[in-house]
Amino acid sequence: VQLQASGGGLVQAGGSLKLSCAASGRSFSTYAAGWFRQAPGKEREFVAAISRGGGSKNYADSVEGRFTISRDNAKNTVYLQMNSLKPEDTAVYYCAARQRYDRDNYEYDDWGQGTQVTVSS
């Protein structure tokens, strides 16, 4: 499946952004999806994941309670609503897809290009 992330930008600390990840190529409802991020000089890290139907979700501790992952399979799109943003959330955000949802497995098969999120203090 091909993935296209969008919605990044510059926001002040405490603000909000909503990222979108549009899928094409195959029925997105047959894929679990996730968001990852990579800050300059750091390794890529897991942010959030969602099951095929959206009934199961999990988050990194650093974003729990502030970020919400959701999906609209009719639109082949996964979202990441980010609230109460902090400067340490600054990173390139990537969406990814895999066949099965697994909250303990961060290996994904398909990746989109990143979208930059910058949070100013």
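Is Thr77 buried or exposed? At 9% relative accessibility, Thr77 counts as buried (under 20% relative accessible area; exposed is over 50%, partly exposed in between, with a 1.4 Å probe and protein chains only).

## About the model

This is a predicted model, so local features need pLDDT of at least 70 and side-chain atom pairs count only at pLDDT 80 or more, while totals for chains, interfaces and linings use all residues. Residues are numbered from 1 along each chain as its sequence is written, and side-chain values use heavy atoms, with hydrogens and water left out.

## Around Thr77

Thr77 sits in strand S8 (residues 77-82); strands here are DSSP runs (E, at least two residues), numbered from the N terminus. Its side chain reaches the backbone oxygen of Lys75 at 2.8 Å, a polar contact (N or O atoms within 3.5 Å; within protein, one able to donate a hydrogen and the other to accept it, and residues adjacent in sequence count only if both atoms are side-chain atoms). Leaving aside residues up to four places away in sequence, Thr77 touches residues including Phe28 and Arg71 (heavy atoms within 4.5 Å).

## The sheet

S8 belongs to an open, antiparallel sheet of four strands, ordered S1-S3-S8-S7. Strands S1 (2-6) and S7 (67-72) are at the edges with a single partner strand each, so one side of each has no neighbour in the sheet.

Six bridges join the antiparallel S3 and S8 (pairing takes at least two DSSP bridges). Ser20 has Tyr79 as its bridge partner in S8.

## The S3-S4 loop

Over in the loop between strand S3 (17-24) and strand S4 (32-38) is Ser27, partly exposed at 41% relative accessibility. Its side chain makes a 2.9 Å polar contact with that of Ser29.
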